[in-house]
Amino acid sequence: RVWKSPRKKIMSKSLIALAVLLFVFVPQVIGWGYRYTNEKPYSPKKYTINLDLPPKQRWAELITDYKLPLQAFSNHLFRTLGINTSYLKWAPLTLALSRDSEFIAEISAISELSNIDFNELYLINYEYELSAIKACTSIVMRTEDGRIIHGRNLDFDFQRYLADLAVEVVFYKNGNPLYTANVLAGYIGILGGMRHGKFGITVNQRYIASVWDNLSRYLYHFSMPSAYLARKALENANNFKEAVAMISETQIIAPTYFILSGTESHEGVIIQRDANGINATTWLQESDNDWFIVQTNYERQTGDPYYDDRRGSAEKRLITAGQAGASEKVLFDKVLSQYPNLNSGTIFTAIFSPENESYNTTMW
C-alpha cells in the first residue's frame, strides 16, 4: 500500500538541506537516567479538534495557546543543531516530494498560527524520522475478565521543551468523538491514541535503518511518516483488524514498532515494521500465562541490553503483580511510574482501554 502523492521536480537545494539535517539528526539509543525531581505529576490540558473544519480553524485554539512554547522549542532545536534557520527559507522542501494535501495544509496552517517558518515546522514534523533520542515503553495486557488495557510511556530527547507542548485531544468527525490522542502542539502525527470503542495504537522507535535509507524513502518511495500513519489509521480504520492491515501494508520512511490493542481478549499485537513491510509480529496469546506483551526499542529476538533493561523490568513487575490484579492502577503504580520505565526522559504516561473508552494521561 503506497501513500499516493504527486511527484514534483526534486530540487538540489532541498536535497542538500535534508541531507545535512539527516546527518545531524542521527538516531541513537541510550540508557535513560533515574528521574530526580520534586515536581508532582499532573494532568495535561485537554482540547477538542473538529476534523470537519478547515485546518487553520481546527488547530486555531490549541496553537494559539501553545504558540510561545512551540517557538521556544523550534528555536532551541535548531540552535542546538547549530543551524541558522534563515538558510532553511530558501530550501523548497515541499518540492522534494509533495505529501497529501491535508498534511501540507495542516503544516501551513500551523505555520501561520505560530509564526514559525513553514520549512522549520515541516522538518519538526519529521521529528520521529530525523531526531536524536527516543526510548518508549508500550504494554498491552489482558485483565482476568478479558478486558484489554494499553499503556505507554513516551520518553524523548528535549524532554523539558516537549512536555510544555503535550496535550490530550479528542478529535471529532461528523459531530461525534472519533478518537482521543496525545498530541505535541505543532506536530500533526500521533504517537499514541485510541479510536473510541475500536482499537488503540502506540508508536515506538526502531533503530535499524541508516539516515541515508530514510532520506531515500522520503524522496523516492512515496513513504509515509510513522506517526502520521498512526493518525490516519485512527481516522480511517473501522476496527482492530483494519488498523492492523493498514499499519502492516503502508510504506513508511523509518523502521518502527507499532503496538496495537483492541476490544477482544486476543486483540493485542506488536508489529515490527521495516519500511516496505512486516519484519515480525508478536501477538497477545489466549494462554493465562501470556496475558501481556511489552515493547521498548529493541528487537524481540535479542531483547533489551543490560544497560537499558526497560522491557525486562516491566515484564518482571507484571509477573509479580499477576493477572488476577491487573488493572489500569496496577499498570501505572507498579510498572509505568517505576524506574527504569519512568526515567529522566519520560514526558508522559498514557493508559487507555478501547473497550470501555477510558483514556488517562499523566504528565511528569
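Is Tyr-307 buried, exposed or partly exposed? Hold that thought for a moment. Just so everyone knows, this is a predicted model.

Okay, the sheet. We have an open sheet of 5 strands, and the order goes β11-β2-β3-β12-β13, with antiparallel pairing. At the edges stand β11, residues 292–295, and β13, residues 358–363; each has a single partner strand, so one side of each is left without a neighbour in the sheet. From one strand to the next, the twist averages 10 degrees.

Now look at β3, residues 148–155, and β12, residues 346–353. Those two pair in the antiparallel sense over 6 bridges, and Asp-155 stands opposite Thr-346 in β12. On to the helices. Helix α11, residues 310–321, packs on the sheet and touches β2, β3 and β11. The direction of α11 makes about 160 degrees with that of β11. Then there's helix α12, residues 328–336, lying across β2, β3, β12 and β13 and running at about 155 degrees to β12.

Staying with α11, I'd like you to find Arg-310, which is in that helix. Is Arg-310 buried or exposed? Arg-310 is buried, because its relative accessible area is 1%, and the cut-off for buried is under 20%. So what does its side chain meet in there? A polar atom of the Arg-310 side chain lies 2.8 Å from the backbone oxygen of Cys-136, and a polar contact of 2.8 Å joins the side chains of Arg-310 and Asn-297. Arg-310 also touches a list of other residues, among them Thr-137, Asp-155, Tyr-298, Asp-304 and Pro-340. You'll remember Asp-155 as the residue opposite Thr-346.

The structure holds 14 aromatic pairs. One of them is Tyr-306 with Tyr-307, and that pair is edge-to-face, 5.4 Å centre to centre with 90 degrees between the planes. And back to my opening question: Tyr-307 has 45% relative accessibility, so it counts as partly exposed. Tyr-306, at 79%, counts as exposed.

Compare that with Phe-352 and Tyr-359. Their ring centres are 5.0 Å apart and their planes are at 5 degrees, so this pair is stacked. Both Phe-352 and Tyr-359 are buried.

Two last things to click on. Ring pairs link Phe-103, Phe-118, Tyr-122, Tyr-126 and Tyr-228 into a cluster. And Arg-160 lies over the face of Tyr-161, at 4.5 Å from the ring centre.

How values were computed. Residues numbered from 1 in each chain as written. Predicted model: local features only at pLDDT ≥ 70, side-chain atom pairs only at ≥ 80, totals over all residues. Heavy atoms only, no water. Pairing = 2+ DSSP bridges. Helix = DSSP H or I, 4+ residues; strand = E, 2+ residues; numbered from the N terminus. Axes fitted to C-alpha atoms, helices over the stretch in contact; angles between N-to-C directions. Contact = heavy atoms within 4.5 Å. Phe/Tyr/Trp six-rings, centres within 6.5 Å; stacked < 30°, edge-to-face > 60°. Buried < 20%, exposed > 50% of the residue type's maximum accessible area, 1.4 Å probe, protein only. Lys NZ or Arg CZ within 6 Å of the ring centre and 35° of its normal. Polar contact = N/O pair within 3.5 Å; in protein donor to acceptor, adjacent residues only side chain to side chain. Lists of a residue's contacts leave out its neighbours within four places in sequence.
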